[in-house]
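Dear colleague,

I am handing over a structure that is new to you, and I would be glad if you kept it open while reading. My notes on what was found follow directly below it.

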Amino acid sequence: MDYVSALVPPVVMAAFFIALVVTIVKSQGGPNKAKEDAAVDAALARTEAARQTDGSTP
C-alpha cells in the first residue's frame, strides 16, 4: 500500500494542473476577448500618450 500513498499526490497535482490548463484554454477568446483586447489597447494608448507628453523616446 505504500506505492498507493506515494502515487496519490502526483496524480492529484496532475489532475489539478490539467484542469487549470483546460480552464485557461477555454477562457481564451469568446465573448470577453473583445473586452480584454480593448482594455489592453487602452492601457497601451495611455502609456504611449504619457511617453509623448514626457518627451521621452522608447
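Arg51 forms a salt bridge with Glu48, and their closest N and O atoms are 4.0 Å apart in what is a predicted model. Both residues belong to helix 2, which covers residues 33-54, and they sit 3 residues apart, about one turn of the helix. Arg51 is partly exposed, its relative accessible area being 34%, and Glu48 is likewise partly exposed, at 36%. The count of salt bridges comes to 1, while the protein chain carries 5 positive and 6 negative side chains, the centres of the two sets lying 6 Å apart.

As for the overall form, the protein chain has 2 helices and 0 strands. Its radius of gyration is 22 Å, well over the 10 Å that the globule rule gives for 58 residues, so the chain is more spread out than a compact globule. The C-alpha trace spans about 70 × 30 × 10 Å along its principal axes, and buried residues make up 0% of the 58 residues.

A nonpolar surface patch of about 860 Å² is made by Met1, Tyr3, Val4, Leu7, Val8, Val11, Val12 and Phe16. Of these residues, Met1 is placed in the segment before helix 1 (2-27), and Met1 counts as exposed because its relative accessibility is 74%, where exposed means over 50%.

Conventions:
Residues are numbered from 1 along each chain as its sequence is written. This is a predicted model: local features need pLDDT of at least 70, side-chain atom pairs count only at pLDDT 80 or more; totals for chains, interfaces and linings use all residues. Side-chain values use heavy atoms; hydrogens and water are left out. Patches are made of residues with over 30% relative accessible area and no salt bridge: like charges are joined within 9 Å, nonpolar side chains (Val, Leu, Ile, Met, Phe, Trp, Tyr) within 5 Å. Accessible areas come from the Shrake-Rupley method with a 1.4 Å probe; for residues, only the protein chains shown count as cover. A salt bridge is a side-chain nitrogen of Lys or Arg within 4 Å of a carboxyl oxygen of Asp or Glu. Helices (H or I, at least four residues) and strands (E, at least two) are DSSP runs, numbered from the N terminus. Buried means under 20% relative accessible area, exposed over 50%, partly exposed in between (1.4 Å probe, protein chains only). The radius of gyration is taken over C-alpha atoms; the globule rule is 2.2 Å times the number of residues to the power 0.38. Lys and Arg count as positive and Asp and Glu as negative; His and the chain ends are not counted. The place of a charge is taken as NZ of Lys, CZ of Arg, CG of Asp or CD of Glu.
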